[in-house]
Amino acid sequence: MNVIFKPSWAIPEREATPESVFLNRRKFLKGSGAVLVGSAGLAGLRPGAARAEEDPSAGLYPVPRNETYRLDREITPEEVSSRYNNFYEFGTHKEIHRAAQALRIRPWTVEIDGLVDKPMTLDIDDLLKRMPLEERLYRHRCVEAWSMAVPWSGFPLAELVKLASPTSAAKYVRFETFLDPNMAEGQNQPWYPWPYVEGLTLAEATNELAFMVTGVYGKPLQKQFGAPLRLAVPWKYGFKSIKSIVRISFTDKQPVGLWEAIQASEYGFWANVNPGVSHPRWSQADEQILGTRERRETLIFNGYVDQVASLYPDWKTDMSLYR
Ligand SMILES: Nc1nc2c(c(=O)[nH]1)N[C@H]1C(S)=C(S)[C@@H](COP(=O)(O)O)O[C@H]1N2
Ligand SMILES: [Mo]
């Protein structure tokens with residue numbers, strides 16, 4: 001496709017969000033049959049061959065829930081959260097679930113490199129067997145002012161950091177998504193500096209909340225959620241939670257994320273959820289709860305202040321330091 005779209009970061013998405021949540025849901029309910037046929041087609045499968053696509057990690061789920069992480073709202077139904085996604089590798093719209101079926105999730109390896117004792121390549125299924133899998137209920141707040149609440153399955157990022165054994169010089173963790181424009185049509189759009197990159201400080205990465213997600217709703221992660229391995233850092237805006245990770249590097253330089261590279265004034269490195277600081281083009285004071293007509297006040301650090309405040313010692317006096 002060579003149609004030139006206006007980059008979606010140039011559109012005030014918040015204006016479109018409440019309506020599109022509602023409309024997408026209705027479209028899904030009316031057209032789910034077509035969705036299934038369409039996705040099998042994209043994956044190059046005959047409809048009858050759909051079983052061949054079964055995720056080899058399916059037998060690992062469901063995993064025990066860690067009750068430490070509680071919600072102040074309902075879990076967003078799967079048919080809502082899995083039909084309204086951001087995954088720019090497959091397009092800039094929210095009905096990414098179809099195009100994202102082109103994502104091939106096996107074989108899948110994750111490179112661990114940079115300032116570590118021993119760089120390594122991990123096979124995803126070996127990694128899944130080595131890590132302590134658990135379920136956590138987390139809120140997710142997109143910078144576009146919509147939110148959801150999801151039962152992620154996965155393991156603490158701190159466990160992976162331990163396995164990687166960074167040297168004392170490492171200060172940051174840099175994450176990278178796959179790069180394959182033949183598979184992911186959105187990666188042919190030249191104004192994005194592919195691949196998608198995100199970063200955390202090492203202290204953030206080893207905070208108890210930082211979670212490597214491998215499943216959701218008691219099953220392996222669906223492709224549109226960023227299978228087979230994505231990040232969840234629920235006190236930060238959603239764009240920090242990078243999907244379909246193939247490389248994790250330890251470094252002494254602050255990583256520049258894809259969104260920061262495009263528009264640093266709107267999407268900074270810290271990106272901590274903060275209702276008090278507006279996005280340059282819209283307020284962050286409240287949020288649309290996905291799949292409902294409810295708006296709710298957004299909480300500082302998305303409600304996770306107890307877990308993360310120690311990472312940002314002076315946040316009370318100058319939270320703008322952490323935009
Ligand atoms: N690789 C990659 N990761 C990504 C994105 C993306 O476009 N590509 N979008 C981000 C944004 S803006 C959000 S809000 C969340 C959306 O996650 P969800 O689709 O599972 O709700 O993924 C984040 N991770
Ligand atoms: Mo987002």
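In strand S12, Arg295 is the bridge partner of Gln288, and that pairing is a handy way into this predicted model. Residues are numbered from 1 along each chain as its sequence is written, while chains are lettered from A and ligands numbered from 1 in the order in which they are written. Local features need pLDDT of at least 70, side-chain atom pairs count only at pLDDT 80 or more, totals for chains, interfaces and linings use all residues, and side-chain values use heavy atoms, leaving out hydrogens and water.

**Strands**
- S11 (residues 286-289) and S12 (residues 295-297) run antiparallel and are joined by three bridges; strands pair here if DSSP finds at least two bridges between them.
- Five residues separate the two strands of this hairpin, and Gly291 takes a positive phi near 80°.
- S11 also runs parallel to S4 (residues 146-156), with two bridges between them, and Trp146 stands opposite Gln288.
- Strands are DSSP runs of E with at least two residues, and helices are runs of H or I with at least four, numbered from the N terminus.

**Helix H5**
- Leu157, Leu160, Val161 and Ala164 are buried in H5 (residues 157-164), where buried means under 20% relative accessible area with a 1.4 Å probe, protein chains only.
- Viewed down the axis of H5, these buried residues fall within an arc of 105°, so they line one face of the helix; the arc is taken from the directions from the helix axis to the C-beta atoms.
- Just after H5, Ser165 takes a positive phi of about 50°.

**Around ligand 1**
- Of the 18 residues around ligand 1, those that come nearest are Tyr88, Glu89, Arg230, Ser241 and Lys243, with a heavy atom within 4 Å as the cut-off for being near.
- A polar side-chain atom of Glu89 is 2.8 Å from a nitrogen atom of the ligand.
- Oxygen atoms of the ligand lie 2.9 Å from a polar side-chain atom of Asn85 and 2.6 Å from a side-chain N or O atom of Lys243.
- An unreviewed UniProt entry annotates a "binding site" that includes Asn85, Glu89, Arg230, Ile242 and Lys243; such annotations may be inferred rather than shown by experiment.

**Arg230 and Ile242**
- Arg230 sits in strand S9 (residues 230-232) and counts as buried at 3% relative accessibility.
- Ile242, in the loop between S9 and S10 (245-251), counts as buried at 0%.
- Ile242 touches residues including Phe175, Tyr196 and Arg230, contact meaning heavy atoms within 4.5 Å.

Note on methods:
Buried means under 20% relative accessible area, exposed over 50%, partly exposed in between (1.4 Å probe, protein chains only). A polar contact is a pair of N or O atoms within 3.5 Å; within protein, one must be able to donate a hydrogen and the other to accept it, and residues adjacent in sequence count only if both atoms are side-chain atoms. Lists of a residue's contacts leave out its neighbours within four places in sequence.
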